[in-house]
Amino acid sequence: MHTKPFSLLCVWLLVLGKEFVSGTFPKAQNVSWYSLNFKTLLTWGPKPVNYSYTVEFSKQNENRERNPLCIQTSDTECDLTADLKELKGRYNADVLSEPVRGLNPPDLIEPPHTTSAWFIPYQDTIIGSPEFKITVNEDQRKITLYVKDTPTAVLNEQKQRMTIRDIFKDDLQYKVIYRKAKSSGKKEKFSASSEIELTDLDRGESYCFNVQAYIPSRPIDKQLGELSQVQCSPKRDKSIFEEYSLAVIAGAILSIIVIISVVIAVIVLCYKRQQRAKSKAKERVPLRHV
Ligand SMILES: *[C@@H]1O[C@H](CO)[C@@H](O)[C@H](O)[C@H]1NC(C)=O
Ligand SMILES: *[C@@H]1O[C@H](CO)[C@@H](O)[C@H](O)[C@H]1NC(C)=O
């Protein structure tokens, strides 16, 4: 007869005890991933007063791990760049609220914690705005854009930064949005290469370009990277041969030749007349002397 109320009391005490201890520290809020070019931070709030946070992360179906820099910390972010080693892996993280550093977390009692959303570096990291150079071809009708594959926070075996091309390989494309400097009509071009050729352009016109990474293998809302700055090709003054047709130029040259011929003819005629007048005058002179 005693056992039932007693065990109920025990359960009640346990529940109360757990509530009481875990209730001491607030749970982390707004636990979210922020990742740019594979540099990945976990962020949350609020700033802790008289408690601390510990981050635990794991790949799906694997054991939880900790980053030594994110144990009983008063920060509200944790850099997990080097921890998410498998770029195509699916990770999540817990932010635990614990006593300030130096005090042991209470044993056996689960600390208050908040779990993040899933994060897959390969598909979720934001690809930053690319840099590019413009080269106008000799014949003025073709422009080539040389896009610099953005470096990432991922290091290769030689401890050098890998570029997005090193990581995404053939999954990486670029999207170019361009328009004539004078007009607002936009055109698009997708390119699998980082060297993008735009052909059939109007000779000598200035064109303006915007470039962004494009990864078609990702979910649709994550395919496009950040837009680059706008850059325009130089406007070239048209040469006389482009401005006027050959016939017009030939006509102009012909009329110049005609005008010059006429002028020469007139000069020659005048000269001859003058000479004739002079020689007539000479013929008369001796007569006068006589
Ligand atoms: C969490 O996000 C909400 C909405 O953006 C904001 O109002 C709140 O202050 C945030 N909490 C913390 C602790 O940062
Ligand atoms: C934090 O701890 C200090 C010293 O124990 C205390 O004076 C202060 O009121 C505490 N602050 C809060 C917000 O609990």
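Q: Which residues line the largest pocket?
A: In this predicted model, the lining of the largest pocket is made up of Thr81, Ala82, Leu84, Lys85, Leu87, Ala153, Val154 and Leu155. The volume of this pocket is about 200 Å³.

Q: How many residues of that lining are nonpolar, polar or charged?
A: The lining of the largest pocket has six nonpolar residues, one polar and one charged.

Q: What should I look for in a nonpolar core, and which residues have the most contacts inside the largest one?
A: A nonpolar core is a set of buried residues joined through side-chain atoms within 4.5 Å. Here the largest nonpolar core has 26 residues, and Leu145, Phe168, Tyr174 and Phe209 have the most contacts inside it. Two or more residues come from each of β9 (143-148), α3 (164-168), β12 (173-180), β14 (195-198) and β15 (207-214). Of these, β15 gives the most, with four residues. At least three residues of this core come from each of domain 1 (15-124) and domain 2 (131-242).

Q: Which residues is Phe168 in contact with, leaving aside neighbours within four places in sequence?
A: Phe168 is in contact with Phe38, Tyr122, Ile127, Ile215 and Arg218.

Terms used:
Residues are numbered from 1 along each chain as its sequence is written. Chains are lettered from A and ligands numbered from 1 in the order in which they are written. This is a predicted model: local features need pLDDT of at least 70, side-chain atom pairs count only at pLDDT 80 or more; totals for chains, interfaces and linings use all residues. Side-chain values use heavy atoms; hydrogens and water are left out. Buried means under 20% relative accessible area, exposed over 50%, partly exposed in between (1.4 Å probe, protein chains only). Domain bounds come from an automatic or database domain assignment. Contact means heavy atoms within 4.5 Å. On a 1 Å grid over the protein atoms alone, a cavity is a set of points where a 1.4 Å probe fits but cannot get out, and a pocket is an open set with protein on both sides within 12 Å along at least five of seven lines; lining residues have an atom within 4 Å of a point. Grid points are joined across faces, edges and corners, and a volume is the space filled by probe spheres set on the points. Ala, Val, Leu, Ile, Met, Phe, Trp, Tyr, Cys and Pro count as nonpolar, Asp, Glu, Lys and Arg as charged, and the others, Gly among them, as polar.
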